[in-house]
Amino acid sequence: MNDPLLRILLVEDDPADARFLHHLVRDDPEGRVAVRWCRTLDECVRELESAPCDAVLLDLNLATTQGLETLHRLRAAAPRVPILVLTGQEDEAIGSRAIESGAQDYLVKTDVASVRVLVRAVRLAIERQRLVDQGRAQAERIEASERRLRSLLADLDDGVLVVGRDGMVRFANAAASRLFGVEIERLVGAPLGVPDVRGGAREVEILRPGGEVRSTDLEVTGTEWEGEEARLLSFRDVTRQRRGERLEAGQRRILERMAGGAPLPNILEALAEWIDGSLPGVSSALLVRDPGAPAEYEIASFPARPGDV
């Protein structure tokens with residue numbers, strides 16, 4: 001089976017070099033190459049818009065553009081077309097620079113002595129461009145996926161942090177900012193130790209600025225972020241739930257002591273503990289007085305105040 005015809009667009013303002021290439025292709029018995037010739041870069045761009053080609057052979061030094069500027073302009077106009085730069089014997093250094101600037105290869109004009117050399121160089125350039133396009137497409141898919149993930153995480157009610165392998169926060173959503181009491185800009189880039197969470201959620205307490213403590217259920221999962229391994233931390237605020245559980249537990253203790261006939265001081269102690277747990281930041285003191293004693297006579301205080309004997 002014959003290889004498909006290679007459609008090459010030659011951009012060359014030297015008629016002698018252009019004729020040489022045309023004669024080279026014309027004499028190929030297998031007819032593997034078809035060449036169209038343009039003298040200027042503007043003409044080349046118009047040709048690319050009107051008819052596709054497999055590769056461009058580009059002389060950098062044209063009448064209207066010189067050097068790498070020629071390549072840059074063509075890359076901007078046709079970013080997915082394989083480009084082989086044509087250089088003179090003394091211009092190999094600029095050929096290497098052209099590859100760094102996006103050309104797939106360069107050819108020294110005097111080295112193109114046969115169609116076989118030309119065809120091999122063009123096919124290699126086409127394959128390199130194909131790999132570049134695949135890599136670009138994959139990067140674009142990853143970037144789009146990360147944008148969707150960022151949008152999804154940003155709208156969650158749970159606080160979410162993404163922490164890199166270096167322990168630095170890479171991402172924080174608005175819920176995490178509210179939970180930690182810190183602006184997103186201060187969270188991102190800050191160091192954060194990640195607890196060893198295995199087999200489900202783990203309860204973690206967060207100390208906010210000002211001393212308030214929030215109870216959270218933390219789940220940690222592995223993920224990839226900006227092309228690097230990372231961990232995604234999801235914090236669910238369970239402060240109200242835990243507070244309700246403590247209130248119920250305190251009520252049960254009081255009722256159990258009352259039902260068990262516990263002495264009044266023991267019941268009052270449980271009641272004081274219940275009040276302390278119900279109202280964070282509030283310290284309770286229950287005063288018990290003998291109805292028959294003077295008003296200023298205090299029998300007991302729960303919990304004991306400093307100085308009590």
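I count two strands as paired if DSSP finds at least two bridges between them. Helices (H or I, at least four residues) and strands (E, at least two) are DSSP runs, numbered from the N terminus.

A note on what I have open: this is a predicted model, where local features need pLDDT of at least 70 and side-chain atom pairs count only at pLDDT 80 or more, while totals for chains, interfaces and linings use all residues. Residues are numbered from 1 along each chain as its sequence is written, and side-chain values use heavy atoms, with hydrogens and water left out.

**The sheet.** I looked up the strand order and found an open sheet of five strands, S2-S1-S3-S4-S5, with parallel pairing. Its edge strands are S2 (33–38) and S5 (105–108), each pairing on one side only. Next I checked S1 (residues 6–11), which pairs with S2 in the parallel sense over six bridges. Here I saw Leu-9 standing opposite Arg-36 in S2.

**A helix on the sheet.** I then turned to H5 (residues 115–154), which packs on the sheet and touches S1, S2, S3, S4 (83–87) and S5 (contact means heavy atoms within 4.5 Å).

**The cores.** I take a nonpolar core as a set of buried Ala, Val, Leu, Ile, Met, Phe, Trp, Tyr and Cys residues joined through side-chain atoms within 4.5 Å, with buried meaning under 20% relative accessible area (1.4 Å probe, protein chains only). The largest has 21 residues, and Leu-118 is among those with the most contacts inside it. H5 gives the most to this core, with six residues. I also listed what Leu-118 touches, including Ile-8, Leu-21 and Leu-107, not counting residues up to four places away in sequence.

Note on methods
Axes fitted to C-alpha atoms, helices over the stretch in contact; angles between N-to-C directions. Buried < 20%, exposed > 50% of the residue type's maximum accessible area, 1.4 Å probe, protein only.
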